[in-house]
Amino acid sequence: MTQQELADAVGCTRQTILALEAGRYTPSLGLAFRIARLFEKSLEDIFCYETD
Amino acid sequence: MNLWLNLTIFVALLVSVAGLSMGYQTLQRFKRAKAESAEAEWEMGPMVLLQKRALWSILSILVGSAACFWLWQTYSVTLLYQDTRIRLTFTLILIISLILQVIILAPSTGRRRRELLLDERDEHVLMVASRYQVGGLMLMNALWAIGGTEYYWEAGLIPVTLLDLMFWSIFLTFFLSKSVGIVISYWWMERYGDG
């Protein structure tokens, strides 16, 4: 799946996917859940919470 | 040198330093992007719609303002308003600049348009940009109030035409500071994230 396909599937821009991958954007819960559901994974499988 | 001139020079210097700094940073970013292939895709990522629109907005405001400044410098504030033809040209340039802003920044206005054209990251950028907008308007107000008071202190009167210029400049600042805020916010997020 390309970044553009993923972006289209979850309703955001390719640049947002790029930013997510680079760790430079924290998604909203809605977007995080849409991505997780698309890959049929849990949130923790896709994202991790860093305190520092 | 009077305070008005000092203020103008100070603001011009500030803008020049900021411009040079951003130019240098951009150059460094391109160099790094070439060197680091893993980072390259992110660093060289294409601009989003809002980012492009904000740059066009800044360019159109600068062109409009430069044209008005040229007229203002050539005819002086008082003469500018005595000649109806020149006054109309001046006003027309400003109105065109403002209409262009409304067209260029249209994706950022209206709930439905925003939902269709922007995503949540763009919304975040717009929220941050509104802080720049408030700051820009306050700065412009301060420049007019302090500059006008100091410049016309001796005379005890200010030309009534200055009120008209204040009105237009505040309108342009409203759009310019929003666009500058958008560009800076994307640049900041690209470099430091959204934290």
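The model is predicted.

**Chain B**

Chain B is built from 7 helices and 0 strands. Read from the N terminus, its elements follow the order α-α-α-α-α-α-α. Chain B has 195 residues, of which 35% are buried. When contacts between residues at least 6 apart in the sequence of chain B are considered, 76% of them connect residues at least 24 apart.

**The interface**

The size of an interface is often given as the accessible area lost when the parts come together. For chain A and chain B, the area buried between them is about 1400 Å², with 49% of it on carbon and sulfur atoms. On the side of chain A, the residues that lose the most area to chain B are A:Gln15, A:Arg24 and A:Tyr25, which together account for 52% of what that side buries. Chain A brings 16 residues to the contact, and chain B brings 17 residues.

**A nonpolar patch on chain A**

A nonpolar patch on the surface is formed by A:Met1, A:Leu38, A:Phe39 and A:Ile46, and together these have about 370 Å² of accessible area. One of them, A:Leu38, belongs to helix H3 of chain A, which covers residues 29-38. A:Leu38 has a relative accessible area of 35%, so it counts as partly exposed.

**Aromatic pairs**

Over all chains, the structure holds 5 aromatic pairs. A pair of aromatic rings is described by the distance of the centres and the angle of the planes. Two of the pairs are listed here.

| Pair | Distance of centres | Angle of planes | Type |
|---|---|---|---|
| B:Phe69 and B:Trp72 | 5.7 Å | 65° | edge-to-face |
| B:Tyr151 and B:Tyr152 | 4.9 Å | 75° | edge-to-face |

Planes over 60 degrees apart count as edge-to-face. The planes of B:Phe69 and B:Trp72 stand at 65°, so this pair is edge-to-face. Both residues lie in helix H3 of chain B (residues 49-82), 3 residues apart, which is about one turn of the helix. B:Phe69 has 45% relative accessibility and therefore counts as partly exposed.

The planes of B:Tyr151 and B:Tyr152 are at 75°, so that pair is edge-to-face. B:Tyr151 is partly exposed, because its relative accessible area is 43%.

Chain B also holds an aromatic cluster, formed by B:Phe167, B:Trp168 and B:Phe171.

Notes. Residues numbered from 1 in each chain as written. Chains lettered and ligands numbered in written order. Predicted model: local features only at pLDDT ≥ 70, side-chain atom pairs only at ≥ 80, totals over all residues. Heavy atoms only, no water. Patch = residues over 30% accessible without salt bridge, like charges linked within 9 Å, V, L, I, M, F, W, Y side chains within 5 Å. Areas by Shrake-Rupley, 256 points an atom, 1.4 Å probe, with all protein chains shown as cover. Salt bridge = Lys/Arg side-chain N within 4 Å of Asp/Glu carboxyl O. Helix = DSSP H or I, 4+ residues; strand = E, 2+ residues; numbered from the N terminus. Buried < 20%, exposed > 50% of the residue type's maximum accessible area, 1.4 Å probe, protein only. Phe/Tyr/Trp six-rings, centres within 6.5 Å; stacked < 30°, edge-to-face > 60°. Contact = heavy atoms within 4.5 Å. Buried area = accessible area lost by both parts, 1.4 Å probe.
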